[in-house]
Every structure is written in structure tokens, then in C-alpha cells.
Amino acid sequence: NGVQGDHLAAAVLGRDAVVGAAVMCAATYLRPGEVSVEFPGWLVVGEPFGELRERTRAIAGVLGDALPTYLTRRLGRVRWSKLISNLNNALCAATGLLLAEIVSMPGGGMLALRLMREGYHITRAAGIHLDHGFYGLTPRVLRRGGLSAALIALLQGGMSTVLVTLPEPVGVRVLTAAGRSRLNRLPIRGSTWQSIARGRPSEIEYLNGEIVRLATRLGLPAPFNAQALKVVHEVERSGVFRPVQD
């Protein structure tokens, strides 16, 4: 998750060796050798440092035998778009709750919306463009994932431009309604929470931390993402989940 993975890999392997992918699946890994797949989803594959090559098409073809795989010429934009929705990973990691539980609480939906809205406006202020492709709205994915696939595709493709630009009360109502959907009845707390549950450092610096660092460079405030980052680090150290109000 986040936007730094390609660059970190390239620092070790060289830019030419790296092919990247955004993972639109939901799986839980808490014990060695035991993985549960809540939503099989899809992959979006691309070249992070250049044009698509035959090797990338070949890789996408191999991965496509396992799950739907799409090629993109704008992998960076796909990563930034996914980051906006991944900012809410922090809420599950900090509280130990499902996002559907959080948005149903007083103030919970507003908090989730403000984390994303803050991230969206900071990325726009930095001149970063997002991707709005509805990759999952294809017959193959919809056969596998049904309504859940459609909801994920719509949220991923439209969240950063529609949900975060709606008036806040309307956006909160949309999030709350989504929390009652079949998708949010799946037992998904996100990859950040899984790291904490395994007693390991989490990816939070590459999610909300990315927004906080970008805001600092721009001289802009990011109070919601900064607080989320702080609380998740406290939970990492203590192993004690915190209430939503914190």
C-alpha cells in the first residue's frame, strides 16, 4: 500500500527491474500458513518508471489466470487514488473495530470522511493527479464478487472526486449507508490492523504518514491524519486499542 513501494524496490533492484501493482483484494493473514480471502478482487499492474512493455503484459497475463488483472499506463495515479481510501485503515488499526462499526458511531463517519477529504485536498495542492478508472466493473469480476465488487469499483473510482467533494452531512450519510451494505458486513479490518494484531510495526507511515509529510512540505495543516498517525503508533507500542473519540 502507499506510493513508495516502487521507489523502495528500485533503490535495491534498479528501476528497470520493477513492475508494480495495486491490489484490490481483501485477505487476512494473522498466522503463518493461514490466509483467508474475504474478497478476491483484482489487480492493476503497470510500469512505475516508463511505458508498458511486453514483459509487463506477460506478467499481467500470468496473474490474470489467478484473478482479474488490468494494465494501466498511470500506475502512480492509481496508487495515490488507493491511498486516499486507505487513509481509513488507520481507524481500524487504532480501534480494532470494523470500518462499518466506526462509521455507525457518533462522529465516526465524519472522522472517516475528514481523513479522506484532508488527504484529497493535500494531494491536489501538491499537483498530484488521481486515477478514476472503474477497473472492477467487468463481467468476470462481477460474476466473482457480485454487489461487493461493484461497490468497491465504484468507491475506488469515484470516492476521491465525489465523496470528498460532497457537503459533509451528505458525505457522512453516504458512508453510513455504505457501512450497512453487504460489503461492509465482511470481517475486514485492513492490512494495517493485521500488522498490529501480529505484533509487528505497521505500514501507517506510508499511508497517513505520507499525507502528513506532504502537508509539511507544502506548509499546510493535516490535523486529522496527524492524529491518526500518532494514535496508531501509540497502539503499536502499547498493544491497547483506543476508542473512536481519541
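The following dialogue goes through some labels used for a predicted model and the values behind them.

Visitor: Why is the pair of F39 and W42 called edge-to-face?

Guide: One aromatic pair is counted in this predicted model. The ring centres of F39 and W42 are 6.1 Å apart and the planes stand at 80°. Centres have to lie within 6.5 Å for a pair, and planes over 60 degrees apart count as edge-to-face; the pair of F39 and W42 is therefore edge-to-face. Both residues are buried.

Visitor: What makes R189 a charge over the ring of W193?

Guide: R189 lies over the face of W193, 5.3 Å from the ring centre. The distance cut-off is within 6 Å.

Visitor: Why is L99 called partly exposed?

Guide: The relative accessible area of L99 is 24%. Buried means under 20% and exposed means over 50%, with partly exposed in between, so L99 is partly exposed.

Visitor: Where is L99, and what does L99 touch?

Guide: L99 belongs to helix α5, residues 99–103. Leaving aside residues up to four places away in sequence, L99 touches N88, L91, C92 and I188.

Visitor: What makes E51 and R73 a salt bridge?

Guide: The N to O distance between their side chains is 3.4 Å, and the cut-off is within 4 Å. This pair links distant parts of the chain, 22 residues apart: E51 is in the loop between β2 (34–46) and α2 (54–64), and R73 is in the loop between β3 (69–72) and α3 (75–86).

Visitor: How do you know whether E51 and R73 are buried or exposed?

Guide: E51 has a relative accessible area of 58% and R73 has 57%. Exposed means over 50%, so E51 is exposed, and therefore R73 is exposed too.

Visitor: Why are E205 and R213 called partly exposed?

Guide: E205 is at 30% relative accessibility and R213 at 32%.

Visitor: What makes R242 and E234 a salt bridge?

Guide: Their side chains meet at 2.5 Å, N to O, against a cut-off of 4 Å. R242, at 27%, is partly exposed, and E234, at 22%, is partly exposed.

Visitor: How many salt bridges does the whole structure hold, and which residues are linked in a network?

Guide: The search finds 13 salt bridges. D16, E47, R53 and R55 are linked in a network of salt bridges.

Technical notes:
Residues are numbered from 1 along each chain as its sequence is written. This is a predicted model: local features need pLDDT of at least 70, side-chain atom pairs count only at pLDDT 80 or more; totals for chains, interfaces and linings use all residues. Side-chain values use heavy atoms; hydrogens and water are left out. Rings of Phe, Tyr and Trp (its six-membered ring) pair if their centres lie within 6.5 Å; planes under 30 degrees apart count as stacked, over 60 as edge-to-face and the rest as tilted. Buried means under 20% relative accessible area, exposed over 50%, partly exposed in between (1.4 Å probe, protein chains only). A charge sits over a ring if NZ of Lys or CZ of Arg is within 6 Å of the ring centre and within 35 degrees of the ring normal. Helices (H or I, at least four residues) and strands (E, at least two) are DSSP runs, numbered from the N terminus. Contact means heavy atoms within 4.5 Å.
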